[in-house]
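User: Hi! I have a model open on my screen and would like to walk through it with you. Could you help me read it?

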Amino acid sequence: MNNKHFFDIGGNIGQTFDWLATLPHDYSDHTLWIFEPSPRHYAQLLAKCRQMSAKYTIKVCPFGLGGKTETQVFFEKDDDKGDSFEPWLASDHEVNNISQGYEVVASIVSLPEFILRVTGPDDAVVLDIDAEGSEYAMLEALVQNSAAMQRVSEIIVEFHHIKDQDRFMSKTAIEAELARYHVKLTTRGFV
């Protein structure tokens, strides 16, 4: 059976549901996997998921996706849409780390490993990535894993500015690798 999956990577408080409602195809025929590692967004995200549960099959994943499975410090920012595993981040503006009196250490699961674990060989996966800098590591790992890549039919990604960008493949190199797989690619963002 060919199942369809939509990965909302960087779910925040569930704004993707509102965006999907504006599209000609709202992906209600897909299982929605919502990934959000920021604990301060859980209450609003879960409320939105409850509200949308009559229309969608939803799986909430309270962790991030990345290039490898590990734990890392997760930085809450002064823009609550900018929480990130990256200590410095910018899009159309720079966001700054804030201190809440505690440190968040969150889990990251390798994107290709997760795809291979929860989907089948004939499944189709759409990735909507707004991961505040983690897009580089996860897409680099993905293009290096042909078995996972073969399940991906479409990628929508927002690229951000991060420090030490040379740790990962560049946006241009990632796009070139994705083109080899003939995946529908929509890029947005600021890089």
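Analyst: Happy to! A word on terms to begin with: strands here are DSSP runs of E with at least two residues, and they are numbered from the N terminus. Also keep in mind that this is a predicted model.

User: Good to know. Where is K4 found, then?

Analyst: K4 is in strand β1, which covers residues 4-9.

User: Is K4 buried, partly exposed or exposed?

Analyst: K4 is partly exposed, because its relative accessible area is 38% and that class lies between the 20% limit for buried and the 50% limit for exposed.

User: What does K4 touch?

Analyst: Not counting residues up to four places away in sequence, K4 touches D29, H30, T31 and A124. With D29 there is a polar contact between the two side chains, at 3.1 Å.

User: And how far is K4 from E158?

Analyst: Their C-alpha atoms are separated by 22 Å, and K4 and E158 are 154 residues apart along the chain.

User: Let's move to the sheet. Which strands form it, and in what order?

Analyst: Six strands form an open sheet, in the order β3-β2-β1-β9-β10-β12, and the pairing is parallel. The edges are β3 (57-61) and β12, each of which pairs on one side only. On average, neighbouring strands in this sheet are turned by 15° against each other, ignoring direction.

User: How many bridges link β10 and β12?

Analyst: Six bridges, in the parallel sense. Along β12, G189 stands opposite F159.

User: Which helices lie across those strands?

Analyst: One of them is α4, which lies across β1, β9 (124-129) and β10 and runs at about 155° to β10. Another is α6, lying across β10 and β12 at about 165° to β12.

User: Tell me about α6. Which of its residues are buried?

Analyst: Helix α6 spans residues 171-180, and K171, I174 and L178 are buried there. These three are on the same side of α6, because they cover an arc of only 65° around the axis. On the other side of α6, T172 and R180 are exposed.

User: Why would residues spaced like that point the same way?

Analyst: An α-helix has 3.6 residues a turn, so residues three or four places apart point the same way.

User: Last one: S91. Where is S91 found, and is S91 buried or exposed?

Analyst: S91 is in the loop between β6 (89-90) and β7 (94-95). With 18% relative accessibility, S91 counts as buried, because the cut-off is under 20%.

User: And which residues is S91 in contact with?

Analyst: Leaving aside neighbours within four places in sequence, S91 is in contact with H160, H161 and F190. There is also a polar contact between the side chains of S91 and D92, at 3.1 Å.

User: Thanks, that helps!

Technical notes
Residues are numbered from 1 along each chain as its sequence is written. This is a predicted model: local features need pLDDT of at least 70, side-chain atom pairs count only at pLDDT 80 or more; totals for chains, interfaces and linings use all residues. Side-chain values use heavy atoms; hydrogens and water are left out. Buried means under 20% relative accessible area, exposed over 50%, partly exposed in between (1.4 Å probe, protein chains only). Helices (H or I, at least four residues) and strands (E, at least two) are DSSP runs, numbered from the N terminus. The arc is that of the directions from the helix axis to the C-beta atoms. Contact means heavy atoms within 4.5 Å. A polar contact is a pair of N or O atoms within 3.5 Å; within protein, one must be able to donate a hydrogen and the other to accept it, and residues adjacent in sequence count only if both atoms are side-chain atoms. Two strands pair if DSSP finds at least two bridges between them. Axes are lines fitted to C-alpha atoms, for helices over the stretch in contact, and angles run from 0 to 180 degrees between N-to-C directions.
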